[in-house]
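Dear colleague,

Please find below the structure that I am handing over to you. My notes on it follow directly after.

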Amino acid sequence: MNAKTEFTQMLYELVRKQNLSLTDSLEIISKFKGNGCVGKAASYVLDCLKNGIVFSSALKTCNHIEFDNIYITFVSYAEKTGNFGETCEYLFKRCKRKEENMFQVIEACAYPIFVVFVAILGVLCLLGFGKNSLFLSMFSGNFYDSLIRSYSFGFVFLVLFFSISFLVLKNILGDNKMFESFLAADFLVRSGINFVDAMDALISVAGIDSKLGVIFQNAKIRMMDGLDLTVAFDGIDSKLEKFLYLASKSGGECEVFGKIANYLENLDEKKRKFCFLLIEPIFICGTGVFLIILLSGIYVPFV
């Protein structure tokens with residue numbers, strides 16, 4: 001667990017579950033031994049609050065833990081609504097999701113990383129000791145050169161194959177910006193933030209300069225011009241249009257973000273399960289190709 005997640009978890013436990021005030025919670029965290037940068041961050045933020053600096057500004061200037069813009073934005077919304085407990089809970093779950101997503105990527109890549117590591121050791125041993133070994137001295141120099149070439153080609157293949165696999169896995173198992181965006185907007189609407197202002201959360205989480213962020217920015221402008229949800233979100237995933245259409249016709253605008261977030265979460269979970277089913281056979285195939293390349297260097301010289 002990283003420092004930001006640990007800091008948020010402690011705030012969540014104290015503010016949300018124990019109903020303590022923000023200052024009392026920070027006081028407890030700052031005095032807890034063994035917290036390291038978490039305790040220092042709590043102490044710094046507490047001093048800022050005592051000097052009249054608001055919580056969001058204190059987090060922005062804190063050097064002990066790096067709080068991202070989205071984190072600070074949600075804290076600033078909590079300052080407006082007074083929902084610090086709910087906000088701490090949301091931010092903790094968000095931090096935890098990000099850590100779990102990254103762990104899944106690392107876990108999925110453990111097998112290929114091990115294979116690449118073994119391949120590197122094999123190449124190093126072959127280059128360092130193979131040329132002068134008694135076993136290889138019984139064969140011609142062509143055999144050794146062919147073996148080195150096959151190892152080199154195999155190693156290059158492994159690096160390329162598993163690098164591409166890692167990027168694909170990171171894309172599939174990593175953060176789903178659309179899900180996170182709608183979940184954030186739903187939380188803010190339920191916390192009392194008006195519908196149009198909650199659109200800022202969609203834009204912020206998705207990324208202002210991203211393709212999804214531009215769609216959300218345009219949607220906000222259209223909504224401010226009085227257009228309904230279906231027209232405002234023109235260009236978004238067609239699978240979400242039914243939620244927007246039903247919400248615009250039934251007056252369920254305040255619930256549409258949550259419904260879309262739930263739909264995307266279920267869809268994401270199915271995608272992850274399917275991905276994990278395919279990971280092992282795909283990596284076994286990749287390792288098999290490497291072995292074929294390697295064995296070709298042993299077999300071909302004798303043909």
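Predicted model: local features only at pLDDT ≥ 70, side-chain atom pairs only at ≥ 80, totals over all residues.

Overall fold. The protein chain contains 13 helices and zero strands; read from the N terminus, its elements therefore run α-α-α-α-α-α-α-α-α-α-α-α-α. Of its 303 residues, 43% are buried. Taking contacts between residues at least 6 apart in sequence, 61% join residues that are at least 24 apart. The accessible surface of the chain is about 16,900 Å², and carbon and sulfur atoms account for 61% of that area.

The largest nonpolar core has 68 residues, and the members that touch the most others are Phe7, Phe182, Phe233 and Phe257. The element that gives the most to this core is helix 8 (residues 177-190), which supplies nine residues. Apart from this core lies another of 11 residues, including Tyr151, Leu158, Leu169 and Phe283. Phe182 deserves a look on your screen. Once its neighbours within four places in sequence are set aside, Phe182 is in contact with Leu202, Phe216, Phe233, Ile236, Leu240, Phe257, Ile260, Ala261 and Leu264. Two of the residues named above for the largest core, Phe233 and Phe257, are thus among the contacts of Phe182. As general background, nonpolar side chains in soluble globular proteins tend to be buried together.

Helix 12. This helix covers residues 241-250, and its buried residues include Phe243, Leu244, Ala247 and Ser248. Viewed down the axis of helix 12, the buried residues fall within an arc of 125°, so they line one face of the helix. The exposed residues Leu246, Lys249 and Ser250 are on the other side of helix 12. Directly after helix 12 comes Gly251, with a positive phi of about 80°.

A surface patch. Which residues make the nonpolar surface patch of about 390 Å²? They are Phe114, Phe117, Val118 and Leu121. Phe114 is part of helix 6, which spans residues 84-130. Phe114 has a relative accessible area of 54%, and because exposed means over 50%, this residue counts as exposed.

With kind regards

How values were computed
Residues numbered from 1 in each chain as written. Heavy atoms only, no water. Patch = residues over 30% accessible without salt bridge, like charges linked within 9 Å, V, L, I, M, F, W, Y side chains within 5 Å. Areas by Shrake-Rupley, 256 points an atom, 1.4 Å probe, with all protein chains shown as cover. Salt bridge = Lys/Arg side-chain N within 4 Å of Asp/Glu carboxyl O. Helix = DSSP H or I, 4+ residues; strand = E, 2+ residues; numbered from the N terminus. Buried < 20%, exposed > 50% of the residue type's maximum accessible area, 1.4 Å probe, protein only. Core = buried A, V, L, I, M, F, W, Y, C linked by side-chain atoms within 4.5 Å. Contact = heavy atoms within 4.5 Å. Arc of directions from axis to C-beta.
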